[in-house]
Amino acid sequence: MSSPGLSTPIDRGTPPAARPAGGGALRRRLPGSLAWHLGALALLAVILYPVLWVVGGSFKRSEDIVGSLDLFPGDPITDNYTRLTEGIADVPVSTFFMNSLFLAGGSVVGILLSCSLTAYAFAKIRFAGRNLLFTLMIGTLLLPYHVLLIPQYVLFRNMEMINTYTPLLIGKYLATEAFFVFLMVQFMRNLPRELDEAARLDGCGHFRIYWSIVLPLSRPALITSAIFTFINAWNDFMGPLIYLNEPDKYTVSLGLKMFVDQDAVADYGGMIAMSLVALLPVLAFFLAFQRYLIDGMATSGLKG
Amino acid sequence: MGTAVTHAPAMEDLTEDSEPRHGPVNSAGSAALKRRGRRENLAGYLFMSPWIAGFLLLTAGPMAASLYFAFTDYNLFDAPRWIGLDNFSEMFADPRWRHSVRVTLWYVVVGTPIKLILALGVALLLAQKRRGQAFYRAAFYAPSLIGASVSIAIVWKAIFSDDAAVDRAQRFLGFDAGGWAGDPDMIIYSLVALTVWQFGAPMVIFLAGLKQVPRELYEAADVDGAGKLRQFWNITLPMISPVLFFNVLLETIHSFQIFSSAYIVGGGAGGNACGPADGSMVYTCYLYVQGFENSRMGLASAMAWMLLIAVALVTAVLFWSQKRWVHYEEDAR
């Protein structure tokens, strides 16, 4: 990518008269750098405010949470967390967490298996109709979920699967999340072809190549997909709202919604505390894997 | 994973680079080739079978069913009854439906550009090599992961209620307008603020795009004496236009489908589903109310198809317009 004409010192060098001498440039650059950092810090403060607000609020008295401007209370209390241990509507809060964990974990397993199989077919197998199916798959990426909402509900209702986790999980095992298929296809296509060609010459079938070569090499894409899947399933609200109707099956999102619907002042603090606790797994994933998340996000945009 | 190619929305070019894969078998006879082709087909469809089952059972089938329901009166308990275009004429005559369309369009038209301009602006600043750049990138991205959660919607409702932070801040500036969450005219702006807060995801994509712009272009422009603004307009913007296109497309489509935050920020007090006086009654909120609270499955299906048509139109217009403003490098990769 080097263009020889440009990198010669003659072209680079600016006539001394056009720019101030070295010291001047330094003086000019310093305020620029200062402004940059001040701007970044100001934006950071705005970005972080809601998160800090919920941390501080969870240690305030219910009646102080909204009105008081102090981010953190002078006399922190833990009543809100004690309130959580009482559960809501006779369901212990831990039940919501176990349910969410089960759904999110089940989703991750399903996405990793089904999407990687599909992606392998698109990336590594030459079969008739592949381009057509790929176009269809991309089409589902742009399809608004709401078109499927009602007929899927009718379908699962007729199959008597309302108030079970099947409607929330089955799509994950049938590779309906085109975004992850797409992410994995892009990754697998860039793996060195020599590896699987050599394996083919040695008589390996597609399944062996998929399992022993492509899957291990695709780890970064799999990790990215797994984390995104977990977070999406954890945050999901509409799915559980529609399909689950007994509190002991509720996810964290629905448990929080129950708090919202209660009017008791004492519950307000509990709701804020639970809001924070509900965010913790996502924030923990973010802190642990932010590289994978950001790189995955960036790649999807560039190639997609 | 960072080594991406700015060839960008190359959505249907699976073939081009997998064509020369025949190599090792070219000595085999044509019968063997044919046999191998058949084996490849079998393997391909075996690997694809979960996706194909999912596509038929959970996408194509439901879409067909939804299209049928759209022309019926269906309450889940009695069999669907064909009523022709009645759902559509009822919908268009319904002031509440028209209100939900207006609220949604306003949300999309105001929120998406602000979010994308902020994302691009911050990406340009973060593209400068400075200390802490990676930290800021990560911190700004974090809201995109939690923004859709019920927790944040609850926090939002609180921050934007009477006497809370935003209300106090605007009073300090001399406006006495009250909290936005309880105000039918203002609640939609609290939702706009919520989506703008999540500018990190498009920002990360912009940043990756900016990294791909060849430095030589700027050096050449410097030599020619082009100012920073000219450079942005004539180099940066054309070079990242594929990424810009991608962001505009995805953000717009997503904005049309906003639900949870509108439902939670607007919900609660008094049992109204979507905001005081329908203030945050976005399209999907009304769809939910009609389908799941009023059991009007036929009407809700018709509404869903109108949403699909709207999204498809926007997508088509964007794809059509990209010829004019999206610049793909001919000799990329």
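Author: Start with B:Asp278. This residue sits in the loop between α12 (260-266) and α13 of chain B. Helices here are DSSP runs of H or I with at least four residues, strands are runs of E with at least two, and both are numbered from the N terminus. The model is predicted, so local features need pLDDT of at least 70 and side-chain atom pairs count only at pLDDT 80 or more, while totals for chains, interfaces and linings use all residues. Residues are numbered from 1 along each chain as its sequence is written, and chains are lettered from A and ligands numbered from 1 in the order in which they are written.

B:Asp278 is buried, because 21 other C-beta atoms lie within 10 Å. The cut-offs are these: buried takes 20 or more other C-beta atoms within 10 Å of the residue's own, exposed takes 12 or fewer, and partly exposed falls in between, with C-beta atoms placed from the backbone. Setting aside neighbours within four places in sequence, B:Asp278 is in contact with B:Arg96 and B:His99. Contact means that two C-beta atoms, placed from the backbone, lie within 7 Å. B:Gln198 is 80 residues from B:Asp278 along the chain, and their C-alpha atoms are separated by 24 Å.

Now follow chain B to another position. Helix α3 of chain B spans residues 95-127, and B:Ala127 belongs to it. B:Ala127 counts as partly exposed because it has 17 C-beta neighbours inside 10 Å. B:Lys211 lies 84 residues away in sequence, yet 7.4 Å away in space, C-alpha to C-alpha. Beyond its neighbours within four places in sequence, B:Ala127 is in contact with B:Leu207 and B:Leu210.

B:Val204 brings in the other chain. Leaving aside neighbours within four places in sequence, this residue is in contact with A:Ile294, A:Met297 and A:Ala298, and also with B:Arg137 and B:Tyr141. B:Val204 is also among the residues with the most contacts inside the largest nonpolar core, alongside A:Val181, A:Met184 and B:Cys285. That core holds 166 residues. Its largest share, 15 residues, comes from helix α16 (residues 265-303) of chain A. A nonpolar core is a set of buried Ala, Val, Leu, Ile, Met, Phe, Trp, Tyr and Cys residues joined through C-beta atoms within 7 Å.

Next, the interface. The contact takes 96 residues from chain B and 84 residues from chain A. On the side of chain B that touches chain A, helix α1 (residues 30-69) of chain B gives the largest share, 19 residues. That side of chain B divides into 64 nonpolar, 23 polar and nine charged residues. Here Ala, Val, Leu, Ile, Met, Phe, Trp, Tyr, Cys and Pro count as nonpolar, Asp, Glu, Lys and Arg as charged, and the others, Gly among them, as polar.

Helix α8 of chain A is worth a look as well. After α8(A) comes A:Glu160, with a positive phi near 55°.

Both chains carry record annotations. For chain B, an unreviewed UniProt entry lists "transmembrane region" at residues 42-71, 105-126, 138-159, 186-210, 231-250 and 302-320. UniProt positions follow the numbering used here, feature names are shortened, and annotations may be inferred rather than shown by experiment. Residues 42-71 of chain B are 93% helix and 0% strand, with end C-alpha atoms 40 Å apart. Residues 302-320 of chain B are 100% helix and 0% strand, with ends 27 Å apart, C-alpha to C-alpha. In chain A, the UniProt annotation (unreviewed entry) includes residues 34-55. That span is 100% helix and 0% strand, with end C-alpha atoms 30 Å apart.

Chain A comes to 16 helices and zero strands, and chain B to 14 helices and two strands. Buried residues make up 43% of the 304 residues in chain A and 42% of the 333 residues in chain B. Mean pLDDT for chain A is 85, with 87% of its residues at 70 or more; pLDDT is the predictor's confidence in each residue, from 0 to 100. Over residues 1-24 of chain A the pLDDT is below 50, and this stretch has twelve contacts in the model beyond near neighbours in sequence.
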